[in-house]
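Okay, thanks for coming, everyone. Let me put the structure up and then walk you through a few parts of it.

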Amino acid sequence: MTQATAARSWWAAVFDLGPHAGAHWTALRASLAIFVPLVACLASGRGDLLLYAAIGAFTALYGRHEPVRLRLAMQAQAGVVLVVGVVVGALVATVPFRLWLLVPVAAAWAGVAVVLAELGRWHPAGALNPVFALTASATVPITLSTVPAAALAAAGAAVFALLLALPGRSPRDGGDPERPRLSWRDLRPSSPVGSHAARYLLGIAAAGVTVATTGIGHPYWTYITASVPMSAPDLHARLIRAAQRVIGTAAGLGVAALVLAAHPSSYAAIILIAVLQACTELTTGRNYSLGLVFFIPMALLLGDLMLPAPIDTLLSQRALETVIGLTIALAATVITHERRTPQSQTPPRDNLLDRA
């Protein structure tokens, strides 16, 4: 294959469309998983807990192609990690110097989470959702007395997501796939999993220092964007994911401008969030850029419910933080680049809130 052919193939892959693969069932579960907890928060007069409930609802995103038993196991593991991320992040949010404290905490958390994701062979793969859980929770200032309520909101939403995972079948039903086990030898820095964890440690730490020194408006966006390419299984896939992030974010910001300009009320906003979540699930597995067209306005709408800000400020900050996060991720990828083989513990998989 010539260099020109490789370049064309890389760029063409950015626009590839994957199969539908029964995404409507995942979309329905994900939509209900976020809609019901958010309505419960508003109805109980605890709009301050919306973020934590939404994070717990991300439990429904795991194991979309697994048989019910494996899906429940995977979602239970991921749900526990997400709730722990909320608790740790909420504790960080109670201290005045939270942005600097978040640097080592988020880096260590990302390294641990990616190992757990590899161990459980989660999909979506990588530590993106756990990083989102911790960093988003850590950047919304709260008092210590709010931490138990935040944990309860996240845990309640995660349990509800598990209940929604019970019905439904998938094309892979009928047999449990063989799952290779990790050993301590697999966690050495020279191993694929060790390199993957080191990449997260380096990238998330760099994102944290950037956030703490610049005081950027919504710090967790930089952390999340830095996590996106690193979740992919190899350099080729990371470059594709980075390009898709740029394209999808640009289009998603345009949709977000229209959605936010309508100034939907609390319950109307939650309905829109649920619809956008369903659309995200219907499209992300087919092409990551398409999923971002719906996820970006959903994330901004949820953030606007928690911390209202002028529309132009939200959009410009999101664009800036995307550029910063991707630059950091690609630098970390180049520094820690390794050749991954088909036997690697991180096979190519659809990567959803590869989305945030």
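**A quick tour**

So, this protein has 13 helices and zero strands; helices here are DSSP runs of H or I with at least four residues, strands are E runs of at least two, and the numbering starts at the N terminus. Before I go on, this is a predicted model, where local features need pLDDT of at least 70, side-chain atom pairs count only at pLDDT 80 or more, and totals for chains, interfaces and linings use all residues. Residues are numbered from 1 along each chain as its sequence is written, and side-chain values use heavy atoms, with hydrogens and water left out.

Of the 356 residues, 54% are buried, meaning under 20% relative accessible area with a 1.4 Å probe, protein chains only.

Now find Ala161, in helix α7, residues 147-164. Phe58 is 103 residues from Ala161 in sequence, yet their C-alphas are 8.0 Å apart.

Next, helices α4 (residues 68-92) and α5 (residues 98-120): they pack at about 170°, axes 11 Å apart. So α4 is roughly antiparallel to α5, the word for angles over 145 degrees. Those axes are lines fitted to C-alpha atoms over the stretch in contact, and angles run from 0 to 180 degrees between N-to-C directions. On the α4 side, the residues include Met74 and Val81, meeting a group in α5 that includes Leu101 and Trp109.

Note on methods: Buried means under 20% relative accessible area, exposed over 50%, partly exposed in between (1.4 Å probe, protein chains only). Angles under 35 degrees count as roughly parallel, over 145 as roughly antiparallel, 65 to 115 as roughly perpendicular and the rest as oblique. Contact means heavy atoms within 4.5 Å.
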